[in-house]
Amino acid sequence: MKIIKNQWEVRPLDTKGTDKIITRDFVEQYHYHNGMGNVCTNIFGLYYKGDPNTLHGVSVWNVPTYGAAKSVMNNNPQEVLSLSRFCLVDDRPENSGSFLISQSIKGLAKKYSMLLTYADTAQNHDGGLYRASNWNYDGLTGKNPCYIDPVTERGVSRKSGKNNYSKQDMLDMGYIFKGRFAKHRFIYTRVDRKNLI
């Protein structure tokens, strides 16, 4: 069953305090990476209007690394924003994902004219949701190492806060090296500035 848009809403959430804790808990439960970074620029939540307190999906946005931003917008990398975490409760109505993404994009500051996101081949993701949400495919990234937590069976990043762990560090912490994988890169150009918030 497709989402009935007038029964659902996407709300901006505070990037600090209780909203961030709720978002972090949600991402830990529903995203394959089982977590998110400490800093984010924007968070949006999907809610059913008949139950305004239950979170059904989130989109978390961050400023990407300088290199990633330059790779898609060489002249103005400061105008790039990245969709770093996106997840939904299982079995939400059809098109819930594209509805959450499109409404989130409308809520972003107008200074971000280029958006960036990835689909992880290590998880067999192909970015179908982004294609359905009018993002443009921009090829594959280079391959990066993938580690799995054997307890949660979820992906773990070598970067955590200020730490950048080596392969041996990751193995010593008990993580399993799964291999090296590329990601599908997608970009979304916000060209119609007069309609931006």
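This is a predicted model: local features need pLDDT of at least 70, side-chain atom pairs count only at pLDDT 80 or more; totals for chains, interfaces and linings use all residues.

Student: Okay. In what order do the 7 strands of the open sheet run?
Tutor: The order is β1-β2-β3-β4-β5-β12-β6. The pairing is mixed.

Student: Which strands are at its edges?
Tutor: β1 (8–13) and β6 (136–140). Each of them pairs on one side only.

Student: How much are neighbouring strands turned against each other?
Tutor: By 30° on average in this sheet, direction ignored.

Student: What holds strands of a sheet together, in general?
Tutor: Strands pair through backbone hydrogen bonds, either parallel or antiparallel.

Student: And β4 with β5, parallel or antiparallel?
Tutor: Parallel. Strand β4 covers residues 80–88 and strand β5 covers 114–120. They share 3 bridges. As a landmark, Val80 stands opposite Met114 in β5.

Student: What lies across this sheet? Start with helix α1.
Tutor: Helix α1 (residues 17–30) lies across β1, β2 (42–48), β3 (51–62) and β4. Its angle to β3 is about 85°.

Student: And which strands does α3 lie across?
Tutor: Helix α3 (residues 96–106) lies across β1, β2, β3, β4, β5 and β12 (183–189). It runs at about 150° to β4.

Student: Now the 3-strand sheet. What's the order there?
Tutor: β8-β7-β11, an open sheet with antiparallel pairing. β8 (154–156) and β11 (176–181) each have a single partner strand, so one side of each is left without a neighbour in the sheet. The twist averages 40° from one strand to the next.

Student: How many bridges join β7 to β11?
Tutor: 5 bridges, with the strands running antiparallel. Strand β7 spans residues 144–149. Pro145 stands opposite Arg180 in β11.

Student: Switching to charges. How many salt bridges does a search of the whole structure find?
Tutor: It finds 2. In one, the side chains of Glu9 and Arg11 meet at 3.2 Å, N to O. In the other, Arg185 pairs with Asp138, with the closest N and O atoms 3.0 Å apart.

Student: What does that Arg185 pair tie together?
Tutor: Arg185 lies in strand β12 and Asp138 in strand β6, so the pair ties together parts that are 47 residues apart in sequence.

Student: Where do Glu9 and Arg11 fall, buried or partly exposed?
Tutor: Glu9 is partly exposed, with a relative accessible area of 25%. Arg11 is partly exposed too, also at 25%.

Student: What about Arg85? Where is it found?
Tutor: In strand β4. Arg85 is buried yet has no salt bridge.

Student: Why no salt bridge for Arg85?
Tutor: A salt bridge needs a side-chain nitrogen of Lys or Arg within 4 Å of a carboxyl oxygen of Asp or Glu. For Arg85, the nearest side chain of opposite charge is Asp120, and it is 8.5 Å away.

Student: So what does Arg85 touch?
Tutor: Leaving out residues up to four places away in sequence, the contacts of Arg85 include Val27, His31, His33 and Val58. Gly35, Met36, Ser59 and Val60 are also among them.

Student: Last topic, the aromatics. How many aromatic pairs does a search of the whole structure find?
Tutor: It finds 7. One of them is Tyr130 with Phe186: their ring centres are 5.6 Å apart and their planes are at 50°, so the pair is tilted. Tyr130 sits in helix α4 (residues 128–132) and Phe186 in strand β12, 56 residues apart. Tyr130 and Phe186 are both buried.

Student: And how do Trp135 and Tyr188 sit?
Tutor: The ring centres of Trp135 and Tyr188 are 5.5 Å apart and the planes are at 55°, so that pair is tilted. Trp135 is in the loop between α4 and β6, and Tyr188 is in strand β12, 53 residues apart. Trp135 counts as buried at 4% relative accessibility. Tyr188 is partly exposed, with a relative accessible area of 22%.

Student: Which residues form one aromatic cluster?
Tutor: Tyr130, Trp135, Tyr137, Phe186 and Tyr188.

Notes. Residues are numbered from 1 along each chain as its sequence is written. Side-chain values use heavy atoms; hydrogens and water are left out. Two strands pair if DSSP finds at least two bridges between them. Helices (H or I, at least four residues) and strands (E, at least two) are DSSP runs, numbered from the N terminus. Axes are lines fitted to C-alpha atoms, for helices over the stretch in contact, and angles run from 0 to 180 degrees between N-to-C directions. Contact means heavy atoms within 4.5 Å. Buried means under 20% relative accessible area, exposed over 50%, partly exposed in between (1.4 Å probe, protein chains only). Lys and Arg count as positive and Asp and Glu as negative; His and the chain ends are not counted. Rings of Phe, Tyr and Trp (its six-membered ring) pair if their centres lie within 6.5 Å; planes under 30 degrees apart count as stacked, over 60 as edge-to-face and the rest as tilted.
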